[in-house]
Amino acid sequence: MDKGRDRGRGISTQETGGPLAGRIALVAGATRGAGRALAVELGRAGATVYVTGRTTRERASEVGRTTETIEETGELVTAAGGTGIAVPTDHLEPDRVRALVERIGREQGRLDILVNDLWGGEHLLVGSVFGKKSWETPLADGLRILDLGVRSHLITAALVLPLLVRSDAPLHVEVTDGTAVTNRRYRENLYYDLAKNAPIRIAFGLGQELAEYGGTAVAVTPGFLRSEQMLAHFGVTEENWRDAVAQDPHFAVAESPHYLARAVAALAADPDRAARWNGRSTSSAELARIYGVRDVDGSRPDALAYFEDVLYGGKDGTPDDYR
């Protein structure tokens, strides 16, 4: 019997034999960066992955990048060994999210993994956030940050969770910037601070609500992420990223998006994940240590520890000490 049809209540899914074979995932916000890598690594582990984003081959989002598209992400998931299904979606439009949920329910009968990686606010940070008091931030930009980083997450959770709880072991992953421990420090600007702390509380609250379903809600964060946008900012590629260290010495502790993604895929395959992680926030480095994961270059960077110890704590150390 096909495992996808046996476990679900809908059409059969591709059986790849990986640790997440037969599992159905949705990565919301998968056009680029950590979201794209998360989708690819879940697919590599055997999952069928629905990927959403606003940038398509025909239209760019407000981020303004045309070099990555959601269709390409779907193709990368399939190339990695999973089944990638691209569904262009703006998660600030409830009707679009409802249509997405209806499609997954119709085609699969359930959802096992929801990764809430919605953001897309980097273009607002330099001019409207960094170095500015909250009252110096244009109100429209501040509220847009909250739309992108908080409201989109809440809309998605509210509309997707009824499908997620059909799973025998629902997993809800909130992706943010920082853990509950590291974000005890003010994140430079009120709007950004709220946007990056809210997913941590969302995971905590949903952990309470999902517990009776045997579910897990967890907030995760990368360290210093070598996203496509960050590489472009420094004028380097993944192949020569270390050239950027001359511009920012701290970039030496940077990690690829696949580091967090590999760690989350391992968490998703952990039968004891609810006991370990429900309601918590964690980092790529902590997950990597626990699950034995390494980055694409074989290292195990811990940027958050480096920032806490060296930058803020005054401890002697170099980025290489934290790789």
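Author: Contact means heavy atoms within 4.5 Å. This is a predicted model, where local features need pLDDT of at least 70, side-chain atom pairs count only at pLDDT 80 or more, and totals for chains, interfaces and linings use all residues. Residues are numbered from 1 along each chain as its sequence is written, and side-chain values use heavy atoms, leaving out hydrogens and water.

Reader: Which residues of helix 9 meet helix 11?

Author: Tyr259, Leu260, Ala263, Val264, Ala266 and Leu267 do. They meet Ser284, Ala285, Leu287, Ala288 and Tyr291 in helix 11. Helices are DSSP runs of H or I, at least four residues, and strands are runs of E, at least two, numbered from the N terminus.

Reader: Why are helix 9 and helix 11 called oblique to each other?

Author: Their axes, lines fitted to C-alpha atoms over the stretch in contact, cross at roughly 50°. Angles run from 0 to 180 degrees between N-to-C directions. Under 35 degrees is roughly parallel, over 145 roughly antiparallel, 65 to 115 roughly perpendicular, and the rest oblique. Helix 9 and helix 11 are therefore oblique.

Reader: What makes Arg36 count as buried?

Author: Arg36 has 10% relative accessibility. Buried means under 20% relative accessible area, exposed over 50%, partly exposed in between (1.4 Å probe, protein chains only). So Arg36 counts as buried. Arg36 sits in helix 2 (residues 33-44).

Reader: Why does Arg187 count as buried?

Author: Arg187 has 18% relative accessibility, so Arg187 counts as buried. Its place is the loop between strand 5 (171-175) and helix 7 (190-210).
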